[in-house]
Amino acid sequence: MNPSVLRHIPLQPRDYLILLTLARGERHGYGMIQLVEERTSGAVRLDPANLYRALKRLIKQGLVQDAGRRSAPDARDERRRYYAITNLGRRVVAAEASRQAELLELARGLTGKEQQA
């Protein structure tokens, strides 16, 4: 695996959720908060201050980019800042998904063995 990808793994859960949210297209901060809450059935709610600190860090790391300001379809004349995942961000989120899938398989194997014992 590429060293530029490996240095970001493992991702913090919040960062992983942000990148997964952006993997389907550009979003503004409030849209990310809503989507994460929806996808986790309300189990996870991103705090706006933490979200914007994380976005700032992810931009600095080259995983996310500022996609500019524009009116949101769900807002009246309100310009929002949009964010997009970068190519590196896509590779990192794919590597993290693979890592988590391997951990899940390991856990399933251990759980299966414990049940047999």
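Is His8 buried or exposed? Select His8 to start: its relative accessibility is 10%, so His8 counts as buried (buried means under 20% relative accessible area, exposed over 50%, partly exposed in between, with a 1.4 Å probe and protein chains only).

Before moving on, a word on what is loaded. This is a predicted model, in which local features need pLDDT of at least 70 and side-chain atom pairs count only at pLDDT 80 or more, while totals for chains, interfaces and linings use all residues. Residues are numbered from 1 along each chain as its sequence is written, and side-chain values use heavy atoms, with hydrogens and water left out.

**Stop 1: around His8**

His8 sits in the loop between α1 (3-6) and α2 (13-22); helices (H or I, at least four residues) and strands (E, at least two) are DSSP runs, numbered from the N terminus. Now show Gln61, Leu63, Leu88 and Val92, which His8 touches when residues up to four places away in sequence are not counted (contact means heavy atoms within 4.5 Å).

**Stop 2: α2 against α3**

Next, select α2 and helix α3 (residues 29-39). Their axes are 10 Å apart and the packing angle is about 105 degrees. Axes here are lines fitted to C-alpha atoms, for helices over the stretch in contact, and angles run from 0 to 180 degrees between N-to-C directions. That makes α2 roughly perpendicular to α3 (65 to 115 degrees; under 35 is roughly parallel, over 145 roughly antiparallel and the rest oblique). On the α2 side, display Leu17, Ile18, Leu20, Thr21 and Leu22; they meet Met32, Leu35, Val36 and Arg39 of α3.

**Stop 3: salt bridges**

How many salt bridges are there? The count comes to seven, a salt bridge being a side-chain nitrogen of Lys or Arg within 4 Å of a carboxyl oxygen of Asp or Glu.

- Pick Asp66 and Arg81, whose side chains meet in a salt bridge at 2.6 Å, N to O. Asp66 belongs to strand β2 (residues 64-71) and Arg81 to strand β3 (residues 79-85), so the pair ties together parts 15 residues apart in sequence. Asp66 is partly exposed at 37% relative accessibility, and Arg81 is partly exposed at 29%.
- Go to Arg45 and Glu37, a salt bridge at 3.0 Å, N to O. Arg45 counts as exposed, at 53%, whereas Glu37 is partly exposed, at 31%.
- Finish at Glu105 and Arg108, where the closest N and O atoms are 3.2 Å apart. Both lie in helix α5 (residues 87-116), three residues apart, about one turn of the helix.
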